Amino acid sequence: MTSGDRTLSTTTFHDHLQHRVERALASIPAADAGDVYALSFLIANEDDDPRQPILTVGCNTEAQARRSIQDASDEAEARWNYAFWIQNELTVVGDLTSDPAGAAARQKWLTGLGLWYDEPTDLADWDSVIGPLAAQIESLFAQTCCRLARTLHTTGVIERSVGRTVPVIVHELEYYEAIARQTEAANPPGLADEFTSWVRNG
């Protein structure tokens, strides 16, 4: 594959990702938008396959956070732990069933970068070969989602969708230092401080 082909495959996947997310944010009902205080970029691997990272986009509202306080350990957990969020799944980008075009574009993107692999028949290759490739895919996909979040801030998409600037939480189901760092990278300085402080200090 030539460098031009790699650029095309990258552009195609990035464009697809951005289009799907922008459309999802635009779908937030006006009646709910004013109550949204944060957006969720949940990253996971479909079928636990590192070659199939997916992005689930959602949001949470002040009303939901208030309802969750009685079930959480404190107000901060109710506000920032995704387990207590609405989990409304505005879109799931790259899902093999609901977004097959995105799944195909993602595979072309990873193939163009030399990161796609076939499952090895030799179990010894899992650690030596697959492990490093899987780690690269995980890092690259997270970076791509962070860059997209910054673009959505810069272009005003988030502000137009919910009426003001709110943080984008780029996360998994578990929280640790890397989640705080990537969420900082996804937002203007200081915007996600309440979330990152909760992650780091509990």
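Me: Which residues of helix H9 (residues 193-201) are buried in this structure?

Reply: In this predicted model, the buried residues of H9 are Phe195, Thr196, Trp198 and Val199.

Me: What makes one say that the buried residues of H9 line one face of the helix?

Reply: Viewed along the axis of H9, the buried residues fall within an arc of 155 degrees, so they line one face of the helix.

Me: What covers the buried residues of H9?

Reply: The cover includes helix H4 (75-80), E4 and H8. Just after H9 comes glycine 202, which takes a positive phi of about 75 degrees.

Me: Why is asparagine 81 called buried?

Reply: Its relative accessible area is 15%. Buried means under 20%, and asparagine 81 is therefore buried.

Me: Where does asparagine 81 lie, and which residues does asparagine 81 touch, not counting residues up to four places away in sequence?

Reply: Asparagine 81 is in the loop between H4 and strand E3 (91-93). With residues up to four places away in sequence left out, asparagine 81 touches Ala76, Tyr175 and Trp198. Trp198 is also one of the buried residues of H9.

Me: Which residues touch the most other members of the largest nonpolar core?

Reply: That core holds 37 residues, and Val21, Leu25, Leu39, Phe41 and Leu55 touch the most other members. Two or more residues each come from helix H1 (3-26), E1, strand E2 (53-61), helix H5 (100-112), H6, helix H7 (157-162) and strand E4 (168-171). H6 gives the largest share of this core, eleven residues. Another core, of 13 residues, lies apart from it, and Tyr37, Ala65, Ile179 and Trp198 are among its members.

Me: What does leucine 39 touch, not counting residues up to four places away in sequence?

Reply: On that count, the residues in contact with leucine 39 are Leu25, Ile28, Gly58, Cys59, Trp85, Ile158, Val166, Pro167, Val168 and Ile169.

Me: How many residues line the largest pocket, and which lie nearest its centre?

Reply: The largest pocket has a volume of about 460 Å³. Its lining consists of 20 residues, with Ile43, Glu138, Ala142, Glu172 and Tyr176 nearest the centre.

Me: Which elements each supply at least two residues of the lining of the largest pocket, and how do the residues of this lining divide?

Reply: Strand E1 (36-45), helix H6 (124-154) and helix H8 (177-186) each supply at least two residues. H6 provides the largest share of the lining, seven residues. By kind, the lining comprises 13 nonpolar, four polar and three charged residues.

Key:
Residues are numbered from 1 along each chain as its sequence is written. This is a predicted model: local features need pLDDT of at least 70, side-chain atom pairs count only at pLDDT 80 or more; totals for chains, interfaces and linings use all residues. Side-chain values use heavy atoms; hydrogens and water are left out. On a 1 Å grid over the protein atoms alone, a cavity is a set of points where a 1.4 Å probe fits but cannot get out, and a pocket is an open set with protein on both sides within 12 Å along at least five of seven lines; lining residues have an atom within 4 Å of a point. Grid points are joined across faces, edges and corners, and a volume is the space filled by probe spheres set on the points. Helices (H or I, at least four residues) and strands (E, at least two) are DSSP runs, numbered from the N terminus. Ala, Val, Leu, Ile, Met, Phe, Trp, Tyr, Cys and Pro count as nonpolar, Asp, Glu, Lys and Arg as charged, and the others, Gly among them, as polar. A nonpolar core is a set of buried Ala, Val, Leu, Ile, Met, Phe, Trp, Tyr and Cys residues joined through side-chain atoms within 4.5 Å. Buried means under 20% relative accessible area, exposed over 50%, partly exposed in between (1.4 Å probe, protein chains only). Contact means heavy atoms within 4.5 Å. The arc is that of the directions from the helix axis to the C-beta atoms.
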